[in-house]
Amino acid sequence: MATAAIFSSLRRRRSPSLEAFLAPVDLSGVAVVQTLASISSEVVSSSAATRLSFQRRNARSLLRKIEIFVVLFEFLAETRSPSSSTTALLCLKEFYLLIYRSKILLEYVAQSSNLWLLLQNPSISGYFHDLSQEISTLLDVFPVSELDLSDDIREQIELLRRQSLKSRLYIDSNDESLRETFYSFLYTFENGEIPSPTALRTFFVEKLGFKDSNSYRNEIEFLEEQIVNHDGELEPASSVINGCVAITRYSRFLLFGFEEDGLEWRIENHPKVGGGDTIVTQVPKDFVCPISLDLMTDPVIVSTGQTYDRTSIARWIEEGHCTCPKTGQTLIDSRIVPNRALKNLIVQWCTASGVAIESEFVSDSSTNEGFVSALPTKAAVEANKATVSILIQFLADGSSEPAQTVAAREIRLLAKTGKDNRSFIAEAGAIPHLRRLLKSENAIAQENSVTAMLNLSIYEKNKSLIMEEDDCLECIVSVLLSGLTVEAQENAAATLFSLSAVHEYKKRIAFTDHCVEALSSLLRNGTPRGKKDAVTALYNLSTHPDNCGRMIEGGGVSSLVVALKNDVVSEEAAGALALLVRQSLGAEAIGREEGAVTGLMGMMRCGTARGKENAVAALLELCRSGGAAAAERVLRAPAIAGLLQTLLFTGTKRARRKAASLARVFQRREHAAMRSGGYGFVVNVNENRDGGNFTTDVSVPMSISVPVL
């Protein structure tokens with residue numbers, strides 16, 4: 001489908017590349033005329049059967065012009081006598097561009113939703129006027145006298161030329177009145193009031209012809225698609241359109257309730273914690289805090305160069321952590337520096353996307369934004385609140401199963417974006433009703449409810465509401481264990497990952513019956529997406545020291561070792577094992593796993609930089625605390641010397657430090673073996689201080705010069 005962006009670009013002076021793409025530059029005069037006759041006839045025939053709701057007069061005027069061109073081009077094609085002059089040929093090629101652009105515009109109007117055409121009414125009227133003006137200009141220079149035309153065709157062309165000179169911009173007053181009515185709804189919600197049902201029915205049902213829920217759904221989907229596709233380059237702004245979507249959704253449920261639309265409401269886009277489901281305003285990943293997984297409001301940089309939200313990293317440091325949450329590197333100091341460049345980018349994105357911004361977050365660059373751009377943000381919030389009250393009322397009243405399924409789906413959709421939406425949905429009391437639907441025997445209802453719970457959990461304050469809701473955690477684990485759809489199980493795992501971001505909840509989650517077992521099963525047997533959800537949840541649980549025994553007992557350690565062979569989740573699995581191996585209980589359990597050493601060495605060989613860090617750290621702890629048998633397997637591995645050499649030269653700072661420590665463990669073992677008369681590889685580690693730098697020579701069995709940090 002053509003978009004308004006196409007017309008905006010075509011209204012500007014055409015670039016050579018665009019003209020080369022559209023104009024048949026390599027065709028002769030006869031071939032150009034034949035092409036013009038074909039495309040003109042196609043435009044007229046395809047538009048004849050189309051009934052337009054808006055822009056009818058402008059479309060009819062343009063089609064009448066093209067109909068005259070059809071007669072002209074067919075005559076020239078039949079007589080095969082176009083002028084050979086350069087001017088005539090250039091004019092015919094310009095006609096091709098104009099006809100092609102007319103085709104795009106007419107298709108755009110025919111395929112767009114009514115609300116979109118209403119919002120774009122002045123702009124689209126301008127596109128029609130631009131085409132009319134360019135046709136008039138082209139007719140002025142078109143060499144009619146050089147063509148052997150019949151008298152009637154010559155008269156029609158001359159009449160069209162004179163009419164085109166008189167053409168003026170036409171904006172339908174009735175359409176403009178409807179557009180103003182729609183904007184009045186925005187102002188009503190902005191003022192804390194709700195438009196009357198009668199006014200909404202008159203506008204949507206009587207004027208726009210919305211006859212059922214399906215009509216509303218199609219309009220909402222189209223508007224949301226425009227916001228996503230245009231990426232902030234919209235007129236009106238995305239914030240205005242978000243308000244329109246919210247009002248349209250409210251009107252749907254107010255006027256038509258929860259009638260079935262005959263659709264299978266399967267969730268197709270997997271929600272990602274921190275960005276929610278992928279729809280209208282998906283938060284760019286660079287704007288999401290790696291700790292809270294929400295949009296950063298005050299981004300700051302730590303000593304490792306990573307950026308976090310100020311509140312989240314401050315809490316992290318206050319809890320006694322001295323490492324970077326993302327890289328695992330030690331923080332040289334606790335100083336944090338504001339990332340003003342990123343903050344300005346986030347403000348610009350929020351303004352364009354209609355995401356509400358807290359007052360202390362707004363920078364000076366955004367204070368001059370027009371009132372119209374800011375207005376619908378509040379209007380959208382108020383309209384969504386009104387919609388949520390209807391949805392929760394239906395859930396509370398014990399309505400029919402289809403109605404509750406629709407209500408759960410709509411709550412999920414509303415919870416996809418925006419802290420405000422997630423906040424007032426939870427405050428309105430949605431969580432207890434969603435918890436009840438987690439036990440539903442309707443697969444779609446269960447899937448929507450658990451995904452709604454996931455989206456709500458992204459907001460920090462909602463985590464406590466979910467955890468404090470009686471039996472809610474157990475219900476989420478039950479869906480993870482035996483959900484009616486694969487998507488429901490995966491989203492339950494993602495919900496546990498989101499909840500486990502709060503340190504004090506990690507132990508409770510891990511000790512919930514069957515939780516670790518279910519995550520381990522999903523990690524072993526799930527889809528790639530499910531494995532990813534499971535391993536990230538297990539990683540979070542592994543960061544709590546009291547969960548080590550539960551991870552062993554529930555099969556978490558075994559599943560993590562198996563996951564080392566899976567490229568999709570191997571890095572996270574190695575990270576979780578590196579955490580568990582720090583405790584003697586975890587080190588012994590990992591040491592007993594047959595594939596642990598080979599899996600970690602495989603990660604050292606082929607993993608990412610962070611994966612290699614975690615792998616060598618885990619192997620080092622295995623040698624220290626995993627027992628003699630585990631240490632023997634590590635130090636006897638034939639490839640260990642080459643891997644250490646590579647890592648000592650090419651690894652990250654942390655990886656080199658861990659590799660050097662493992663080399664020293666290797667040295668002590670071999671020296672002990674030599675003193676006892678046993679056979680072993682010869683390993684010499686010589687530490688020389690030279691200006692504070694260390695160098696280590698490792699020979700297995702040959703000498704390898706490496707730096708020790």
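For my notes, buried means under 20% relative accessible area, exposed over 50%, and partly exposed in between (1.4 Å probe, protein chains only). I'm working from a predicted model, where local features need pLDDT of at least 70, side-chain atom pairs count only at pLDDT 80 or more, and totals for chains, interfaces and linings use all residues. Residues are numbered from 1 along each chain as its sequence is written, and side-chain values use heavy atoms, with hydrogens and water left out.

**Overview**

I looked up the fold first: 34 helices and five strands. Helices (H or I, at least four residues) and strands (E, at least two) are DSSP runs, numbered from the N terminus. Of the 709 residues in the protein chain, 54% count as buried. I also checked contacts (heavy atoms within 4.5 Å). Of those with a separation of 6 or more in the protein chain, 69% are between residues 24 or more positions apart.

**Salt bridges**

I counted a salt bridge when a side-chain nitrogen of Lys or Arg lies within 4 Å of a carboxyl oxygen of Asp or Glu. That rule gives 22 salt bridges. One of them joins E410 and R252, at 3.6 Å from N to O. It ties together distant parts of the chain, 158 residues apart: E410 sits in helix α16 (residues 401-414) and R252 in helix α12 (residues 238-256). I put E410 down as buried because its relative accessibility is 3%. R252 is buried too, at 3%. Both belong to a salt-bridge network that I noted as E224, R249, R252, R409 and E410.

Next I looked at R529 and E490, whose closest N and O atoms are 2.4 Å apart in a salt bridge. R529 is in helix α25 (residues 528-542) and E490 in helix α22 (residues 486-499), 39 residues apart. Buried or partly exposed, I wondered about R529? R529 has 25% relative accessibility, so it counts as partly exposed, while E490 at 1% is buried.

My last pair was R654 with E613, a salt bridge at 3.2 Å between the closest N and O atoms. I have R654 as buried at 9% and E613 as buried at 5%.

The C-alpha atoms of V562 and L523 are 9.0 Å apart, though 39 residues separate them along the chain.
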